[in-house]
Amino acid sequence: MSAIEKLRNIDRRFIFIAIALAVIVPLLFPIGLPVTVSPSVQKLYDAIEELPPGSKVLMSFDYGTSTMPEVYPMNLAVAQHCFSRDLKVVGTVLWPEGVSLGQNALEIAAEKYGKVYGTDYVNLGYKVGGMVVIQAIGRDIREIFPEDFRGTPIEELPIMEGVRNFDRFRLVVTFSAGDPGVREWVMIAQARYHKKVGAGCTAVSAPAFYPYLDTGQLVGLLGGMKGAAEYEKLLQSQGPATAGMDAQSVAHAVIICFILFGNLVMLITKRKTERRSL
Amino acid sequence: MRRQVPLIITFIAGTIMIIAYFIPREPFGGLRQRFSVWFLIIAAFALILGIGNLIKIHGKRISRQSAGWGYSVVLLVGLAAMSVLGIGWGIERSTPFHYLFWNMQIPLSATMFALLAFFVASASYRAFRIRSFEATLLLAAAVVVMLGRVPLGNLLWPRLPAVANWIMTFPNTAGQRAIMIGIALGVVSSSLRIILGIERTYLGGGQQ
Amino acid sequence: MNQRRAVFLLFLSIAFFFGISTAAQQNAPPAPPTEVKAFDNPNDAGGGITITWNKSADDGQGENDVLGYEILRSTTSGSGYQKVASVLAGEESYTDGENVEDKVPYYYVVRATDAEFFSDSAETLPAVAKPQWFNTNRISMLVAVLLFSGLVLLFISWAKGGRELYIRPIAGLAAVDEAIGRATEMGKPVLFIPGIMDMDNMQTLAGITILRRVAQKAAEYGAPLLVPTSRSLVMTTAQEAVKEAYLDAGRPDAYDPDRIRYLTDNQFGYAAGVDGIMVREKPAAIFYMGCFYAESLILAETGHSVGAIQIAGTAMPAQLPFFVTACDYTLIGEELFAGSAYLSREPRLLGSLKGQDFGKAIFMLIIVVGIILESFGIHFLDQWLATG
């Protein structure tokens, strides 16, 4: 096998090593590349900025541990933004693992702004059923969530006073890594109950939700770690996503280099075979 | 008869669900939700079948000592341990179940998800080749979006993120919408075939 | 010095006067909401009354000190009012679903509140909640359902009547035989992955219908078929479908239920399990038919690395690029749902595909007409199509 042939059928483990290095090195030695804010992120930020203090936001933690590195940073950033604006956050969970992940984000954000559990925020916990749960919230939230995740009856939580269904929420934000997630919230909370819905999702699934953004069915969308880093920039805080952006930049550059290299090798082989056939 | 009964149930349930969509008053209004809850209950009980299947297959493998039977032992021990710990001590913080979940399940799941980064690299190395005009367009769009979505792109050319955003918002959305409309019609047409009993292979039967 | 003191006193008194007058202005009760109306909430199952009002003159304008509105309700006119809800300033409607009984007349008063005072609106006329027989917001949907179903049924009846219907070739489905044949020649198994969602997902159902056809071919050719599932119900359904396929192929003896097995509900646990099967069993043909998420490329790249022919089909737009990159053939969106009809060539199934195509043509026409109308500022089509 010639050298060119070998390069053409490069052992994919070399590619894997290059990607691993491209991720690990910038994490250990940050470069500090500047982040620019895209319109979809700005829109969600503005939607929260526009809410009068005291408004209630429904936040749903619909992700799991595997997608935590991507979705958790945006969850944390948006929770911090809500508390900094004195908004009240009611958390719901459609993925079992989301209970402790969402609670963790709320607790960290609440501590920063001196917010109290039960008065300024609450986590109603996980309910199985996906879309059925969202429909049930629309009819009677107390029926589906009679108590919070700690087992405290909803009547004893000051934040839930007067909350019966979607009516009292000014905004719904879902942090979603799949199904049930963004689509279900848009279908029920937005389409049926005409609520403003914002979303944060993994970078892979973000392109599928751009149409909703365009039609106004989503007020804003954070896609992957980039979306979270942009949000952190708007909040002027250095969070976990900003730290990861260098690694992502370098990894993207490495992938592009591999693609260009692959094409170069292909062109050389093509020229060689053409010459041979001459 | 064995085939007729499920087909009749499907027809009645499907037709009622369509009608119920247009009638808000009870008992039609809450039907969809009630059906979904029924499904959840059935699916939860079906989990027993799944676990039974796991135990049967791996039990067989251990008793025959077929290749890799040691892994089957690990699987069954893991299944038993998590069930006993979860039922016995609960799943709250500072329980053994919680500890194992956070220190085994989470890192293992995250590792599998992280493999995606490596596979994206190897797949794009193979796939993005300038073979035709369309492939070249695809390659150019991929490079612009990949660079435009990270800070590096902004450093190279400040307008690159805007170009990437344009690609995502317009050509990408147009394509996605076309696919979504096709899918929606496909789902409706498939549902009709199933409700009317024309498509019945999912029941295990043939065309007859 | 005295002069200075006099100026200071004058300044103080002026400030005091203005201070009092502003304070007096701020302490006035807010203007009450006007035009308060209560009526049966439309298109619901009963138990709902909608209240609408015009904002207080001090909400967003005037003194701009209204904090919110309280909704008061009574079953008798003029007395017995009790608060049922409060909404923030800026709102102009509320749907009361708090223990509202049908056929009982309710009276409402909307109260504007500021930090200290409140003022009530006039009482509304009595409103009675009742359930509706038809959701008028969904008329356009009803028309679409009737039109589309009509088209599908029409083409099915034509197909039953023996009319030839042309269906465009779908490369991925045409390659099914080739893939199974290759596996048979190589003496390696065929792997079928029906996605990671449950039986309530249409894509899973479409996957199972294709599995039924694949299983029949595999049984005819004598290639072993492996089906790992991530849901128990999918496992039992797949077992049933494969068993019947083997029966139809005249090979019931070759059916082994242990080859259709449940792995785990956990997404990445399932991906790890399937990857393991691929690496150990080295299947020669792999089918991915159903609903997939982030595990799509993890599976497809591993499948590619073991050198299998791969045919994928999903209606998850975000996963399609991954499958297109790593698989030999990909059924895009609706092609997945057409799979069973295409493979069976049964006229009635093909007829429904044809009906679907005509439905699509009508949708395209509506989109074009809609774009033209909207461009000229005519919104009736857009409004008619909006559902609630």
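C:Gln310 touches C:Ile286, C:Ala300, C:Gly303, C:His304, C:Ala326, C:Cys327 and C:Asp328, leaving aside residues up to four places away in sequence; a contact here requires the C-beta atoms of two residues, placed from the backbone, to lie within 7 Å. This is a predicted model, in which local features need pLDDT of at least 70 and side-chain atom pairs count only at pLDDT 80 or more, while totals for chains, interfaces and linings use all residues. Residues are numbered from 1 along each chain as its sequence is written, and chains are lettered from A and ligands numbered from 1 in the order in which they are written.

C:Gln310 belongs to strand 13 (residues 309–314) of chain C. Helices (H or I, at least four residues) and strands (E, at least two) are DSSP runs, numbered from the N terminus. C:Gln310 counts as buried because it has 25 C-beta neighbours inside 10 Å. The scale calls a residue buried if 20 or more other C-beta atoms lie within 10 Å of its own, exposed if 12 or fewer, and partly exposed in between, with C-beta atoms placed from the backbone. Between C:Gln310 and C:Phe323, 13 residues apart in sequence, the C-alpha to C-alpha distance is 9.0 Å.

C:Phe323 is also among the residues touched by C:Tyr288, together with C:Ile193, C:Leu299, C:Ala300, C:Ala312, C:Gly313 and C:Thr314, again not counting residues up to four places away in sequence. C:Tyr288 is in turn one of the residues with the most contacts inside the largest nonpolar core, which has 197 residues; the others are A:Phe209, C:Leu211, C:Ala215, C:Val242 and C:Ala285. Such a core is a set of buried Ala, Val, Leu, Ile, Met, Phe, Trp, Tyr and Cys residues joined through C-beta atoms within 7 Å. A second, separate core of 22 residues includes C:Ala85, C:Tyr94, C:Tyr108 and C:Val110. In soluble globular proteins, nonpolar side chains tend to be buried together.

Chain C is assigned domain 1 (34–128) and domain 2 (176–327), the bounds coming from an automatic or database domain assignment. The C-alpha centres of these two domains of chain C are 58 Å apart. C:Asn64 sits in the loop between strand 2 (49–54) and strand 3 (68–74) of chain C. Its phi is near 55 degrees, a positive value in a residue other than glycine. C:Asn64 is partly exposed because 13 other C-beta atoms lie within 10 Å.

The contact between chains C and B takes 64 residues from chain C and 50 residues from chain B. Helix 6 (residues 232–248) of chain C gives the most to the chain C side, with ten residues. By class, that side has 31 nonpolar, 17 polar and 16 charged residues; Ala, Val, Leu, Ile, Met, Phe, Trp, Tyr, Cys and Pro count as nonpolar, Asp, Glu, Lys and Arg as charged, and the others, Gly among them, as polar. Where chain C meets chain A, 15 residues of chain C are in contact with 15 residues of chain A. Strand 4 of chain C gives the most to the chain C side of that contact, with three residues.

Chain B itself comprises seven helices and zero strands. Its radius of gyration, taken over C-alpha atoms, is 26 Å, whereas a compact globule of 208 residues would have one near 17 Å, by the rule of 2.2 Å times the number of residues to the power 0.38. Buried residues make up 26% of chain B. A cis peptide bond, with omega about 5 degrees, joins B:Glu26 and B:Pro27. B:Pro27 lies in the loop between helix 1 (4–22) and helix 2 (31–64) of chain B.

Chain A also has a cis peptide bond, from A:Asp179 to A:Pro180, with omega near 0 degrees. A:Pro180 is found in the loop between strand 4 and helix 8 of chain A. Helix 8 (residues 182–190) of chain A is mostly covered, with seven of its nine residues buried. The buried residues of this helix pack against elements including strand 4 (169–176) and strand 5 (197–201) of chain A. Strand 5 of chain A is largely enclosed by the rest of the structure, because five of its five residues are buried. Strands 4 and 5 of chain A run parallel and are joined by five bridges, where pairing requires DSSP to find at least two bridges.
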